[in-house]
Amino acid sequence: MIETTRLPSKKLEEAGRPVRLIQYLGSKLNVLDQIIPDIKSELPYGGTCVDLFAGTTVIGQSLTNHSSILSNDCLRFSRLFSDVLVVGPKDKPAEVPLPKLSRITESKHYSNNLEMLNAVYAEALAAEEAILRAGDKKGLGEFCETLPTWWKDEKHWLEYGKIRNFINELDLVAKRKIPSSFPACLFTTYYAGNYFGLKQAIEIDSTRFAVERLRAEGQLTDWQAKAVLVALIAASSRAVGSAGKHFAQPLIIHGSTQRLFALERVLSDRMISIATEMQAAMDTIDSKASPPRFPGKSFLVYFETLVDTAKKKGATTAFKEFFHVDRVDCIYADPPYTAQQYSRFYHVLETLVLYDYPPIQTHPLRSGGFTQGLYREHRHKSPFCSRSAAKDVFEALFLIASQVSNSLILSYSSTNNGSGNPRMIDTETILKLGKKYFREITEKTIRHRYRKLNREEKNKRGNDPEKLYIFRGMR
Ligand SMILES: C[S@@+](CC[C@H](N)C(=O)[O-])C[C@H]1O[C@@H](n2cnc3c(N)ncnc32)[C@H](O)[C@@H]1O
C-alpha cells in the first residue's frame with residue numbers, strides 16, 4: 001500500500017502536479033483541471049487506471065498519488081517518460097537526487113567521444129561558432145547546406161577533408177549491428193546542420209554514449225540512466241530547429257525556400273545549450289521523483305496488437321496478457337484524431353532512444369533522394385490516423401473497454417472540416433459505437449485557454465472543441 005495516507009493534503013497536491021518536458025501535439029497539460037476530476041470520479045482512491053495513449057504522461061503523473069497507473073503508448077520515448085515520471089525510482093534513497101550532469105560530462109566516456117568528434121569536426125565547429133557569434137544568417141544557411149552528413153550528395157562538402165574521410169569510412173552496417181560502438185556519431189552524421197547544430201549534435205551523441213557506458217558499469221542505476229535520457233530528450237526537443245518543436249521537418253534555411261523568419265529562428269535555436277537544458281530537466285525530474293506514489297507500470301503496446309489478440313483469445317485474456325491485470329477501474333483514452341502520425345512528428349526522439357543508426361525512408365518522387373524530414377524506415381502507422389481504419393479500431397476500443405473496465409473516458413475532438421486538419425471519425429459515429437457497448441454516456445466540452453491567439457485564431461480554434469466522453473455500464 002502507498003505511504004501517502006499520512007501526508008498532509010498540500011504535499012499530496014504538489015506530488016500530483018505533473019511536468020511536461022517536451023512540446024507535444026495534443027498534450028493535455030493545459031486542460032488537466034477539466035479532465036482529472038472526471039477521471040477521479042470514475043477511479044476510487046487506490047484503484048487502477050490505464051492511460052492507453054499516454055504521450056507526455058501528464059495525465060498519469062497527475063494521478064500517481066491517487067491510484068495505480070498503467071501507462072501505455074506505442075512510442076518508446078513515451079514509455080521512458082512513464083518509467084521515470086509515473087513509475088518512478090525503485091530505490092528512492094539511493095537513486096534520488098540524480099547525480100549532477102557534470103558526473104556524466106566529466107566521465108572518460110563523454111570526453112573520449114567528444115574529443116574524437118571534435119578533432120574530426122574542428123574546422124566546421126570553429127566555423128559554426130563564428131557564425132553564431134556574429135549572428136550571420138546567410139553564413140548559417142550556407143554552413144548547414146555544405147556540412148557533410150552521410151546521406152548528402154558529396155558535391156556539397158568538398159572543402160571538409162577530414163569529415164569527408166570520416167563519413168566515407170563510416171560503416172553503417174557495422175554500426176547497426178553494434179550501435180553502442182565507439183564513437184557514437186548518429187546525431188552528428190544524420191542531423192547536424194538540419195534539426196540540430198553541429199556542436200549540439202556532438203554533445204547529444206557524447207551524452208548518449210556516456211549514459212549507456214555508465215549504466216553498463218553500474219555507475220548509474222537503470223532508473224537514473226532512464227532519467228538522464230529523458231533529460232536529454234527534453235534538451236533535444238528544446239534545441240531542435242523546427243516549427244512547433246516537433247520533427248516533421250527541420251526549418252529550411254538554405255536554397256530557394258530560404259526565409260528570414262526561419263533563419264532567425266534557427267540562429268536562436270542553435271544557441272540553446274544542450275547541457276543547460278539537460279541540467280534544468282534533471283532538476284525538474286528530481287523534484288518529481290521523491291513524493292510517494294501508488295505502484296505503476298509502463299507499457300509499449302500497439303493498440304492494434306491488443307485488438308488482434310482480443311479477436312483470437314477474447315478481450316479479457318488479451319488484456320491480461322498485455323497489461324498483467326484482469327480488470328481495471330477505468331481506461332483513459334486520448335488517441336490521435338487527425339492523419340498526423342506521431343511516429344512522424346517525433347521520429348528523432350524515437351531514434352535518440354533506440355540509437356540504432358536507422359535506414360532512412362527515401363522520397364517517393366525523388367529517385368534515391370531522402371525526405372526533408374529524414375524519417376526512419378518502417379515507422380509505426382497508427383490506425384487512429386487513418387480514415388478507413390478508425391471506425392473499426394474505435395469499435396474495438398469500446399468492445400475491449402466494456403469487458404475489462406468499469407468505465408472508458410475518451411478525449412476526442414469534434415469534426416471540423418474547415419480547419420484543414422480533418423478528424424478521422426466524427427463524434428456522431430463515436431457516440432453511435434459507444435452506445436452499442438455502454439448504457440450510459442456523459443459528454444463534456446473542454447475549453448482550451450488560448451491566451452496568445454488573436455481573435456481570428458480564437459474563432460478558428462473555437463469551432464474546434466475538444467470533448468470528454470465518459471462511457472459506463474456494459475450492455
Ligand atoms: C493525443 S496524444 C496523447 C497525449 C497525452 N494524453 C498527453 O497529454 O501528452 C496520442 C498518443 O497516442 C499514441 N498512439 C497513437 N497510435 C497508437 C496506437 N495504435 N497504439 C498505442 N498508442 C498510440 C501516440 O504515440 C500519442 O502519444
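**Reading the sheet, a helix and some backbone details**

Author: In strand β4, Y332 is the bridge partner of D51. This is a predicted model, in which local features need pLDDT of at least 70, side-chain atom pairs count only at pLDDT 80 or more, and totals for chains, interfaces and linings use all residues. Residues are numbered from 1 along each chain as its sequence is written.

Reader: How many bridges does β4 make with strand β1, and is the pairing parallel or antiparallel?

Author: Strands of a sheet pair through backbone hydrogen bonds, either parallel or antiparallel. Two strands are said to pair if DSSP finds at least two bridges between them, while strands (E, at least two residues) and helices (H or I, at least four residues) are DSSP runs, numbered from the N terminus. Here β1 (residues 48-51) and β4 pair in the parallel sense over 3 bridges, and β4 also runs parallel to β5 (residues 405-413), to which 5 bridges join it.

Reader: Why is β4 described as largely enclosed by the rest of the structure?

Author: A residue is buried if 20 or more other C-beta atoms lie within 10 Å of its own, exposed if 12 or fewer, and partly exposed in between, with C-beta atoms placed from the backbone. In β4 (residues 328-333), 5 of the 6 residues are buried, so the strand is largely enclosed by the rest of the structure.

Reader: Which residues of helix α16 are buried, and where do they lie around the axis?

Author: An α-helix has 3.6 residues a turn, so residues three or four places apart point the same way. In α16 (residues 274-289), the buried residues are I274, E277, M278, A281, M282, I285, K288 and A289. They cover an arc of only 135 degrees around the axis, which puts them on the same side of α16; the arc is that of the directions from the helix axis to the C-beta atoms. These buried residues pack against α4 (76-87), α6 (101-105), α13 (198-216) and α14 (222-239).

Reader: What is the phi of T57 and of H324, and where are the cis peptide bonds?

Author: Most residues other than glycine have a negative phi, and most peptide bonds are trans. T57, in the loop between β1 and α3 (58-63), has a positive phi near 70 degrees and is buried, with 31 other C-beta atoms within 10 Å. H324, in the loop between α18 (315-323) and β4, has a positive phi near 65 degrees but counts as exposed, with 10 C-beta neighbours inside 10 Å. A cis peptide bond joins V96 and P97, with omega about 0 degrees, and the bond from F182 to P183 is cis, with omega near -5 degrees.

Conventions: Expected span 1.5 Å × (residues − 1). Contact = placed C-beta atoms within 7 Å.
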